[in-house]
Amino acid sequence: REKDDKHKVRMPRFLMAKEDKDQRKSSNDGERNIFKLKKSKADRIKKMEKEEKIFRETFLYTKEIKVINRATAECSVPSKRRVDLPVTAGEQLDVIDVTEGSAVICRNAEGRYGYVLVEHLNFR
């Protein structure tokens with residue numbers, strides 16, 4: 001292998017065979033996917049900021065958003081009100097704040113906020 005690399009002649013791109021150019025383009029596609037991932041991450045951050053803004057307006061929440069604890073949803077629960085957070089069984093939730101009743105304010109992986117009853121959560 002080392003001998004082959006030493007004696008390999010480097011050719012300018014315009015003199016390369018068409019097949020070599022096609023192979024080179026296909027290897028560059030992997031790099032392009034990386035840029036798409038970065039773009040989607042920026043979109044996700046933008047969406048999270050939008051969800052936070054809606055949360056602050058809906059709940060009139062002025063305190064700093066700080067994760068108190070992490071919990072796992074034990075069962076799937078649909079939302080009955082606009083302020084309730086629909087959860088699925090096994091979903092990881094960030095507990096943001098504790099309320100006076102039996103509900104806590106949680107955030108899911110998508111960045112949505114809402115009330116979840118403590119009896120539906122499993123704290124570890």
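This is a predicted model: local features need pLDDT of at least 70, side-chain atom pairs count only at pLDDT 80 or more; totals for chains, interfaces and linings use all residues.
Okay, one term before we start: a contact here means heavy atoms within 4.5 Å. With that, among contacts in this chain between residues at least 6 apart in sequence, 44% join residues at least 24 apart.

Residues are numbered from 1 along each chain as its sequence is written, and side-chain values use heavy atoms, with hydrogens and water left out.

So what is the order of elements from the N terminus on? It goes α-α-β-β-β-β-β, that is, two helices and five strands. Those are DSSP runs numbered from the N terminus: helices are H or I with at least four residues, strands are E with at least two.

Let's look at the rings. There are four aromatic pairs, meaning Phe, Tyr or Trp rings (the six-membered one for Trp) with centres within 6.5 Å; planes under 30 degrees apart are stacked, over 60 edge-to-face, the rest tilted. F55 and Y113 have ring centres 4.2 Å apart and planes at 20°, so they're stacked. This pair links helix α2 to strand β4 (residues 113-117), 58 residues apart.

Are these two buried or exposed? F55 is buried at 3% relative accessible area, and Y113 is buried too, at 10%. Buried is under 20%, exposed over 50%, partly exposed in between, with a 1.4 Å probe and protein chains only. Ring pairs also tie F55, F59, Y61, Y113 and Y115 into a cluster.

Last stop: L60, in the loop between α2 (18-59) and β1 (69-73). L60 is exposed, at 71%, and its phi is near 50°, a positive value in a residue other than glycine.
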